[in-house]
Amino acid sequence: MNFEKHTITNFHISFAANIFEIQLFKEANKGSNVYIFDSELFKIVWYSSDHTQEKILDFIKELHGNVDNVVENIYNEIGGIFEIFIHDKKNNKLLIVNDLYGVNGSFYLTNKDALHFFLNFQNFKKFQLPLQFDPDGIQAHFAFGYQVQPFPLPYKGISRIEGGKLHTFNADLNHSGKELDITFSTKKPSFSLKEAMHVTEKLFFGATAGKDSLTLLSQVEEGNEHFKTGNFGEVYSADVMQGKEIAVKLDLSYEHTTLCDEEEFEHYAKQIANISGGLGTISYVDMLKFVDEGIPNDYSYVMGEAGECVRMFFPAATHLAKALHNYVTPKEFLSNTFVVDYESFIKSYPENISATITDSYEGTTNAEILMNFYRKGRLPGNFGNRHKLLSAYRNKITPFLHEQFIQETHNLPHKRYEYDQIHEQIIYDSNQDLLAFFRNPIQSDVTVQDWNHRISNEIGVKLYELLETHIEALKTVFDTQKVLALAKQQQKNPNRGVYFLFRILSMAIFADTINNAIAPCEKR
């Protein structure tokens with residue numbers, strides 16, 4: 001069996017009758033791990049940073065013994081964030097499975113009688129296909145700021161591989177999906193993340209005032225010379241002050257990255273738009289700069305994400321519509337900018353969104369419904385967009401989604417999630433000196449990214465210029481002049497409209513890029 005390991009920023013995988021082709025995209029000092037195996041029976045592509053090479057090789061050996069049984073039990077053996085493509089050469093079929101919640105699910109489309117799978121949109125121009133907006137997908141995207149099941153993606157003809165399933169494509173490109181199970185532990189939970197973190201020797205921690213970050217840092221051996229920490233943002237924000245203080249307390253190295261100036265804002269905004277396909281918010285510019293400039297390229301990155309899968313992210317007794325209120329776009333922004341084609345959606349918004357969530361996610365109480373929505377909707381949507389952006393720059397691991405942690409915590413009674421009990425227990429068991437930060441985190445009136453002040457100055461000018469340049473690409477979705485008027489208004493009186501504009505700009509840049517790329521071909 002041949003075995004290759006690469007560091008990539010993206011891949012394209014094509015499948016059709018008698019075709020299984022892999023194209024890898026690489027950039028110097030960027031990207032994440034992919035492993036390619038080729039044997040007489042299978043060709044396998046394994047994309048992940050959450051597993052040691054030894055664990056992957058052991059799993060591949062098991063796979064060759066009984067592929068059906070091994071894949072169907074994968075979530076009891078493999079966690080974290082991953083995706084595996086298995087080309088069965090004998091039967092000419094393609095099997096795909098990714099992480100339990102589908103955070104790392106690839107996108108795919110059909111073109112020229114072949115299926116094309118792609119990790120992210122960075123090289124989408126190679127398909128030479130025009131973008132067509134899906135009305136339902138567009139509405140849901142700008143309501144949430146990311147895609148949520150059961151709504152489609154904003155683009156017609158493009159889908160995403162769901163988590164929790166074994167996907168099979170035959171030579172005729174017909175698709176079937178089979179739900180896969182996970183066996184939850186009946187033992188007393190250990191509440192440890194250390195095994196999940198030890199997949200790499202060199203690890204860089206995003207150190208903030210967040211409880212997820214604090215919980216991860218509680219697992220660190222003080223003074224470990226292979227671990228580094230750092231963060232970004234305004235120096236007097238709570239995240240920066242507490243992150244640095246914890247790093248000093250743990251005797252770990254610490255790096256701080258400044259916020260983007262207007263030129264950096266434009267550079268990273270375009271990176272975000274073209275890697276995420278316009279699905280990632282431009283508000284990630286400072287985080288992407290931090291990963292690009294602050295994290296050594298031979299280090300893997302871990303940050304306080306996905307820990308809310310075992311926290312009561314939404315208050316248990318909150319009415320669904322009220323709970324979602326702070327996590328969907330205020331109606332005024334949609335009604336003031338969408339073209340008239342979306343009038344019927346806006347009239348019933350946001351109740352139509354909360355009703356769909358109630359119908360689509362299991363649970364006998366609001367707490368159960370909202371927890372399932374967080375895990376199966378918000379994780380693959382919002383967190384998945386961010387993960388794909390950052391992993392195009394560095395290896396990124398996610399300990400909160402390790403198989404052992406999921407097995408021990410994701411089936412506990414909901415009262416165990418209240419008041420962040422699981423996080424507190426992990427810190428208590430590992431480093432009680434950090435409990436003071438958990439119970440009394442540093443507070444500050446200064447926000448991490450200080451958007452209100454920045455939008456009122458040079459960044460706001462740059463935001464307007466970029467919108468003015470690219471907004472025409474979304475003229476079938478938005479009244480372009482009203483979007484520009486909103487941008488002017490937000491410069492004077494910033495509020496949640498800033499984040500709505502960030503989402504619009506991301507899609508506008510991407511759509512404009514693709515439109516310009518295919519125009520010469522259409523003329524031919």
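Colleague: Let's start with charges. Which residue forms a salt bridge with E72?
Modeller: That would be K178, and the closest N and O atoms of the pair are 2.7 Å apart. Keep in mind that this is a predicted model.
Colleague: And where do the two partners sit in the chain?
Modeller: E72 belongs to helix α2 (residues 67–72) and K178 to strand β12, so the pair links distant parts of the chain, 106 residues apart. Both ends are partly exposed: E72 has a relative accessible area of 31%, and K178 comes out at 41%.
Colleague: How many salt bridges does the count come to?
Modeller: The count comes to 20 salt bridges. Another one joins the side chains of K202 and D298, at 2.9 Å from N to O. K202 is in the loop between α4 (194–197) and β13 (203–206), while D298 is in the loop between α8 (285–294) and β16 (300–302), so this pair ties together parts that are 96 residues apart in sequence.
Colleague: How exposed are K202 and D298?
Modeller: K202 is partly exposed at 30% relative accessible area, and D298 is partly exposed too, at 45%.
Colleague: What about E27, which residue does it form a salt bridge with?
Modeller: With K30, where the closest N and O atoms are 3.5 Å apart. E27 is partly exposed, with a relative accessible area of 34%. K30 has 17% relative accessibility and counts as buried, because the cut-off for buried is under 20%.
Colleague: Which residues are linked in a network of salt bridges?
Modeller: K211, D212, E308, R311 and D420 are linked that way. In general, side chains of opposite charge can pair when their charged atoms come close.
Colleague: OK, changing topic to β12. What is the strand order in the open sheet?
Modeller: The order is β1-β4-β5-β6-β7-β11-β12, which makes 7 strands with antiparallel pairing. β1 (2–8) and β12 (175–179) stand at the edges with a single partner strand each, so one side of each has no neighbour in the sheet. On average, neighbouring strands of this sheet are turned by 15° against each other, direction ignored.
Colleague: Which helix packs on the sheet?
Modeller: Helix α1 (residues 53–65) does, and it touches β1, β4 (32–38), β5 (42–48) and β6 (82–88). The direction of α1 makes about 150° with that of β5.
Colleague: Over how many bridges do β11 and β12 pair?
Modeller: β11 (residues 165–169) and β12 pair over 5 bridges, in the antiparallel sense. If you want a spot to look at, H167 stands opposite G177 in β12.
Colleague: Now β9. Is that strand enclosed or open to the outside?
Modeller: Strand β9 (residues 114–118) is largely enclosed by the rest of the structure, because 5 of its 5 residues are buried. Both of its faces are covered, with A114, H116 and F118 buried on one side and L115 and F117 buried on the other. In a regular strand, side chains alternate between the two faces of the sheet.
Colleague: Which strands are joined to β9?
Modeller: β2 (residues 10–16) is joined to β9 by 4 bridges and runs antiparallel to it; there, H12 stands opposite F118. β8 (residues 107–111) is also antiparallel to β9, with 5 bridges, and Y108 stands opposite F117.
Colleague: How many residues are there between β8 and β9 in the hairpin?
Modeller: There are 2 residues between them, and K112 in the turn has a positive phi of about 55°.
Colleague: Next up, F502. Is it buried or exposed?
Modeller: F502 is buried, with a relative accessible area of 0%. You'll find F502 in helix α20 (residues 497–523). Leaving aside neighbours within four places in sequence, its contacts are F265, T281, I282, S283, W451, I455 and L463. F502 and G280 are 222 residues apart in sequence, yet their C-alpha atoms are 8.9 Å apart in space.
Colleague: Last one, about the surface. Which residues make the nonpolar patch?
Modeller: V235, Y236 and V446 make it, and the patch is about 290 Å². Y236 is exposed, with a relative accessible area of 60%, and lies in the loop between β14 (227–232) and α6 (238–249).

Note on methods: Residues numbered from 1 in each chain as written. Predicted model: local features only at pLDDT ≥ 70, side-chain atom pairs only at ≥ 80, totals over all residues. Heavy atoms only, no water. Patch = residues over 30% accessible without salt bridge, like charges linked within 9 Å, V, L, I, M, F, W, Y side chains within 5 Å. Areas by Shrake-Rupley, 256 points an atom, 1.4 Å probe, with all protein chains shown as cover. Salt bridge = Lys/Arg side-chain N within 4 Å of Asp/Glu carboxyl O. Buried < 20%, exposed > 50% of the residue type's maximum accessible area, 1.4 Å probe, protein only. Pairing = 2+ DSSP bridges. Axes fitted to C-alpha atoms, helices over the stretch in contact; angles between N-to-C directions. Contact = heavy atoms within 4.5 Å.
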